[in-house]
Structures are given as C-alpha cells and as structure tokens.
Amino acid sequence: MSTTTKPNHIGRKISRIRELRDMKQEALAQALGTSQQTISTIENSETIDDEKLAEIAKALGVTAEAIKSFSEENMITYFNTFNDSHGNFGKFESGSICNFNPLDKVVELYERLVLAEKDKVEYLEKLLKNK
C-alpha cells in the first residue's frame, strides 16, 4: 500500500500539511471561523474552490500553490537535503566545521555585560550626586 498523496486530492494535502504544522482540525477551524466537522469535510474533498483554498493556505502559513504542489516525495527529499550538507546548524557531528570558538563568544558576552553594569553604576552614582 502506497503512503503517497494522490496528486489531485487537495483535501489530503491540506490534512498532511496541517499535521506537519502540528495543528489540530479544531485549531484550523478556529482560524477559519468554522467548525471541526467542516474541516473534516474539506480534508475529505478531492477539490476545493480557489477562494477557500487561499483562506486555508493563509491559516496554515503557506501559499495556495504550496498546497496544490505538495507531495510526500518532495517533503522527504527536502528534509533529506539537510543531512547532506555541512550547513547543519545546531548539529556538531564529525566533519562539521565550527568557524568560531564558542568560549570566545561567551567571554565576549560576559565582557559586554560587565561593561553594561559599569555604565549602569556610573549613571546611578551620577543621579545620587545630583540629589
């Protein structure tokens, strides 16, 4: 049994995008000012008029075109490209390159905080002298 989305079933595409956005039918219904049952009906519909599709797309944070062209294969390919490059932000695996010393950044931040505190103390001392 294939898990791919039928290319022309807009309702299933909406359902899958909603699930990927970790959104429940109730939340989408609320965003559209409708009921959960209406969302269920929409997700079971093979076609949807363009005006309604644009509203749903806006509520999901995507474009209507993104919904129309959505496919599971494209999503898998998209996410697999993140593992193929050295631009894995937040992931330090073997082969990954860090262009800065994290300890230097901590020291830099600490120095800025100390300077800010010194400025604050000077300002408060100045206020006390003027009273």
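This report describes the helices, the nonpolar core and selected residues of a predicted model.

Local features are reported at pLDDT of at least 70 and side-chain atom pairs at pLDDT 80 or more, while totals for chains, interfaces and linings use all residues. Residues are numbered from 1 along each chain as its sequence is written, and side-chain values use heavy atoms, without hydrogens or water.

**Overall layout**

The protein chain has seven helices and zero strands, in the order α-α-α-α-α-α-α along the sequence. Helices (H or I, at least four residues) and strands (E, at least two) are DSSP runs, numbered from the N terminus. Of the 131 residues, 21% are buried; buried means under 20% relative accessible area, exposed means over 50%, and partly exposed lies in between, with a 1.4 Å probe and protein chains only. The chain exposes about 10300 Å², with 55% of that supplied by carbon and sulfur atoms. Areas come from the Shrake-Rupley method with a 1.4 Å probe, and for residues only the protein chains shown count as cover. Among contacts (heavy atoms within 4.5 Å) between residues at least 6 apart in sequence, 56% join residues at least 24 apart.

Within α1, the residues I10, G11, K13, I14, S15, I17 and R18 are buried. Their cover includes α2, α3, α4 and α5 (64–69).

The largest nonpolar core holds 16 residues, of which I14, L28, I48, I56, L60 and I67 touch the most other members. A nonpolar core is a set of buried Ala, Val, Leu, Ile, Met, Phe, Trp, Tyr and Cys residues joined through side-chain atoms within 4.5 Å. Helices α1, α2, α3 and α4 (50–60) each supply at least two residues of this core, and α4 gives the most, with four residues. Apart from neighbours within four places in sequence, I48 is in contact with I10, I14, I42, L53 and I56.

**Packing of α2 on α3**

Helix α2 (residues 25–32) and helix α3 (residues 36–43) pack at an angle of about 105°, with axes 8 Å apart. Axes are lines fitted to C-alpha atoms, for helices over the stretch in contact, and angles run from 0 to 180 degrees between N-to-C directions. The two helices, α2 and α3, are therefore roughly perpendicular to each other, a term for angles of 65 to 115 degrees. On the α2 side, Q25, E26, L28, A29 and L32 take part, and they meet Q36, I39, S40 and E43 in α3. The residues of this contact divide into four nonpolar, three polar and two charged. Here Ala, Val, Leu, Ile, Met, Phe, Trp, Tyr, Cys and Pro count as nonpolar, Asp, Glu, Lys and Arg as charged, and the others, Gly among them, as polar.

The table gives their relative accessible areas.

| Residue | Relative accessible area | Class |
|---|---|---|
| H9 | 6% | buried |
| S35 | 28% | partly exposed |
| D22 | 73% | exposed |

H9 is in the segment before α1 (10–20). Leaving aside neighbours within four places in sequence, H9 is in contact with E43, N44, S45 and E46.

D22 is in the loop between α1 and α2. Its phi is near 60°, a positive value in a residue other than glycine.

S35 belongs to the loop between α2 and α3. The C-alpha atoms of S35 and Q25 are separated by 8.7 Å, and these residues are ten apart along the chain.

Note on methods
Parallel < 35°, antiparallel > 145°, perpendicular 65-115°, else oblique.
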